[in-house]
Amino acid sequence: MSSDAMAVQNAQIAGRPWVETLHDWVTTVDHKRIGILYVLYALTFLVIAGFEAVIIRIQLMFPHNHFVSPQVFNRLFTMHGTTMIFFVAMPILFGFANYLVPLMIGARDMAFPRLNAFSFWLTALGGVLLYFSFVGGNGLYGAGNAPDAGWWAYAPLTSKAFSPGSSSDYWTIALLVSGFGSVGTGINIIATILCMRCPGMRLTRMPLFAWLSLTMSGLILLAVTPLTAAQLMLAVDRYLGGHFFDTQAGGSATLWMHFFWIFGHPEVYVLVIPAFAFVSEIIPVFSRKPIFGYPAMVVATVCIAFVSMSVWAHHMFTIGMNSYANSFFAITTMAVGIPTGIKIFNWIGTMWGGRIQFKTPMLFCIAFLFQFLIAGLTGVIQAAAPLDWQLGLSYFVVAHFHYVIVGGILFALFGAFYYWYPKVTGRMMSESLGKLHFWLFVLGFHMTFDVMHIPGLLGMPRRIYTYEPGRGWDTLNLIVSIGAFIQGVAVLVFVANLIISYWKGAKAGNDPWDAWTLEWSVSSPPPAYNFASIPRVASRRPLWDLKHPEDPDSRYE
Amino acid sequence: MQIPRIRDWIILSAIQMSTSLFWPTTAAAAESGGPSTVLTNIFAPETTPAKSIFDLSMFVLAITGVIFVVVGTLLVYSLVKFRGTAANDGREPAQVYGSVQIGLAWTVIPILIVVVLFIASARVIHAVQDAPKPESALEVTVIGHQFWWEYRYPALGIVTANELHIPVSDPAHPRPTFLKLLSADTDHSFWIPQLNGKTDLIPNHPNSMWMDPHRPGIFLGQCAQYCGTQHAKMLLRVSVDGPEDFDTWVRAQQQPAIQDQNVIAGKRIFETTACINCHAVSGTVANGRFGPDLTHLMSRVTIASGAAENTTENLRLWIQDPEAIKPGSLMPAMKVSDTDLDALVRYMESLR
């Protein structure tokens with residue numbers, strides 16, 4: 001039994017010096033360890049960027065508050081956004097994909113293990129560089145610090161004229177470096193899925209998680225590259241006398257916007273598609289039914305990826321494009337809502353007729369469904385360009401995208417943590433702490449992000465360090481801030497659960513959830529080589545076939 | 001350890017469904033609220049373009065509201081009806097893989113909804129953006145600066161700052177105001193929710209927007225595109241004036257600065273220090289354009305683009321220590337002596 005092998009292994013290494021263990025982790029090319037490194041790295045930045053958000057919300061609790069200066073506030077919202085997107089969301093999702101994809105397709109590792117490690121360390125370096133700006137951003141002009149031009153770094157605010165010092169350069173270089181890491185991960189996932197599936201696992205038999213990871217990786221290649229190009233152009237402007245975006249010399253501010261959003265929109269699909277992947281694996285298991293409409297889910301995902309490349313200028317409805325351009329982007333944006341909506345219906349169809357178990361992973365997925373529905377609808381509202389002329393650049397948008405990222409992606413991620421933590425560590429997370437985390441977070445989330453739509457409807461723009469009293473925004477901002485503090489407490493409960501369960505959690509065994517994909521066929525945690533012998537599969541749910549030889553899926557597919 | 005499933009879903013769906021109450025409540029509260037909640041409310045339109053956007057928003061909200069109720073109900077129903085109980089524990093339900101008919105239905109219906117939404121949106125896009133400019137239109141050029149607004153009325157020979165005056169437009173005899181939007185430095189955005197959606201001011205990229213307010217009044221807004229340190233205090237104040245009031249205002253703005261002999265000392269200080277590098281006072285040697293035109297400073301209710309009321313004390317503070325009012329603004333502290341400051345402020349207050 002491989003768990004006995006693990007016991008022997010642990011006993012042998014009990015007396016190992018810690019530097020050896022550290023060296024193992026730093027030089028690892030094992031996809032599982034790299035996955036864990038990504039996740040731990042991202043969780044650290046989640047706490048840091050969450051702390052930045054808490055300071056922002058304290059400043060905004062009352063109008064004309066003086067908790068931080070405008071300069072500090074502007075750095076805070078820039079760093080909060082940049083950190084959350086590039087050093088929390090992307091790494092944590094890459095971490096899960098790295099850990100799970102080879103296990104789910106019956107492979108022993110990723111296609112390019114050393115590229116995998118290199119990609120992680122590039123990402124890690126990027127985060128360090130970005131935060132070094134707090135001390136190193138002064139540059140030669142003594143005018144810098146952390147970046148403060150917003151996470152979109154719009155031109156010409158980032159030109160030398162308006163951003164002296166080196167703060168913009170830290171933004172540029174940190175993201176350039178981690179961008180190469182992202183592209184490396186994308187290449188690796190595509191190669192792994194296309195070339196290393198176990199015998200019998202046709203593309204139409206692999207778990208939806210693998211399909212969605214494949215799609216996400218394709219989008220990374222298409223999305224990150226324009227951003228890298230634009231950042232190089234910005235560096236040329238700032239240091240080599242270029243004028244791409246330098247409006248004082250005839251350059252174009254809108255050119256930067258196009259480049260950035262051609263990255264920016266597919267990027268949010270890079271973030272949400274893995275959330276779909278988590279939910280598509282968890283909901284079937286806790287409804288005790290296969291996913292409803294597997295082929296439609298695959299087609300819808302690929303459609304989302306393609307259409308998402310054509311919607312970018314819905315972030316630019318207010319910049320003065322002509323009516324034909326605005327109409328074009330309105331229809332493409334509405335169109336991308338169709339396959340997305342179909343996926344929601346398929347998840348409901350999965351639960352329909354099932355036998356739903358309300359364990360913690362499923363609770364988070366159910367909340368995801370409600371919240372992603374709402375987030376999608378507020379997206380459709382803004383897709384109607386004239387409505388975006390009022391709602392754009394206001395707190396309505398901030399509420400919408402946090403609804404997607406926190407209410408959708410983060411909830412799905414929490415579900416994924418509770419679901420796969422037993423596989424990674426061999427221990428169950430505490431159900432009671434999990435339920436406490438869930439309800440606290442639901443309370444705080446809705447208090448903050450439901451209410452946050454209203455100041456937007458009442459005219460409150462975003463990225464302001466303070467606001468005028470008497471416009472109806474005061475009490476609403478106070479409620480939003482209190483909800484944020486509650487969410488902070490809930491995240492601390494979650495982190496405590498992660499830590500306590502590592503030592504005190506119940507032993508998990510191979511398959512605590514009675515699930516059906518290949519990762520549950522190996523020990524928890526899996527051995528370094530994943531599978532003693534490469535499996536052969538005959539259906540989408542190989543473990544269902546093993547557990548139900550009288551009624552295997554292979555008979556019906 | 002029995003999981004209290006029913007309680008779970010009750011609480012869950014209660015929280016979730018209560019979100020559906022926010023939207024009609026908001027719209028109702030917004031419209032019935034006191035003056036303060038109507039000031040910058042997108043649901044209280046006062047012009048034709050703002051009204052078109054409002055009408056479209058009601059249509060879109062109705063459709064998305066119906067979708068939310070239908071899908072939300074299906075979701076809640078499935079949670080209740082198909083929850084696992086002790087009775088059927090251990091038996092797997094029917095393993096259904098999908099349904100082509102259902103899949104087609106919930107593909108075709110969303111496509112139809114999207115077509116309807118798009119047609120409704122496209123009509124408003126064209127109506128607002130491609131509206132022809134009538135002969136009677138008033139043309140105003142808005143130039144965005146870090147962190148104030150410059151207004152020029154080319155046909156009337158007026159240059160002013162921070163507080164815009166435009167005429168009422170009677171639907172029978174329309175007199176819309178067409179704004180040309182330019183920027184002197186970075187991106188800004190002109191947003192007064194009751195008068196129209198926002199349009200950005202982007203250097204090298206002139207934009208335009210129009211508004212035809214149906215009643216006189218004061219309308220507030222602020223810059224909506226992050227433009228630097230004091231983006232938050234780049235406030236907007238528009239006074240929509242009846243025809244006589246507007247003509248009176250125009251005539252007053254067209255005059256050069258009032259020459260008041262009592263404030264000669266302050267005028268001399270103004271003209272011999274760095275003030276004139278940035279500011280203009282019509283009829284004097286001061287013709288700087290980096291900062292707001294001060295010719296009729298006292299016709300404005302606020303200073304520093306709305307950051308402070310236009311009072312003697314604030315004028316003193318603004319000249320001596322702008323960081324105390326608007327930290328990060330580009331107005332330098334003038335560091336004049338107290339007597340000079342008194343004289344300067346008296347001069348400023350003569351610029352009616």
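## Cis peptide bonds

F147(B) is placed in the loop between β1 (138–145) and β2 of chain B. In this predicted model, the peptide bond leading from Q146(B) to F147(B) is cis, with omega near 5 degrees.

A cis peptide bond also joins A155(A) and P156(A), where omega is about -5 degrees. P156(A) belongs to the loop between α5 (113–136) and α6 (167–195) of chain A.

## The five-stranded sheet of chain B

Chain B contains an open sheet of five strands in the order β3-β2-β1-β5-β8, and its pairing is mixed. The edge strands, each pairing on one side only, are β3 (158–161) and β8 (207–211) of chain B. On average, neighbouring strands of this sheet are turned by 25 degrees against each other, direction ignored.

Strand β2 (residues 148–153) of chain B pairs with β3(B) in the antiparallel sense, over four bridges. Y153(B) has I158(B), in β3(B), as its bridge partner.

N204(B) lies in the loop between β7 (199–201) and β8 of chain B. Although N204(B) is not a glycine, its phi is positive, at about 65 degrees. N204(B) counts as partly exposed because 16 other C-beta atoms lie within 10 Å.

A304(B) is found in the loop between β11 (302–303) and β12 (308–309) of chain B. The phi of A304(B) is near 55 degrees, a positive value in a residue other than glycine. With 24 other C-beta atoms within 10 Å, A304(B) is buried, since the cut-off for a buried residue is 20 or more.

Conventions
Residues numbered from 1 in each chain as written. Chains lettered and ligands numbered in written order. Predicted model: local features only at pLDDT ≥ 70, side-chain atom pairs only at ≥ 80, totals over all residues. Pairing = 2+ DSSP bridges. Helix = DSSP H or I, 4+ residues; strand = E, 2+ residues; numbered from the N terminus. Axes fitted to C-alpha atoms, helices over the stretch in contact; angles between N-to-C directions. Buried ≥ 20, exposed ≤ 12 C-beta atoms within 10 Å, placed from the backbone.
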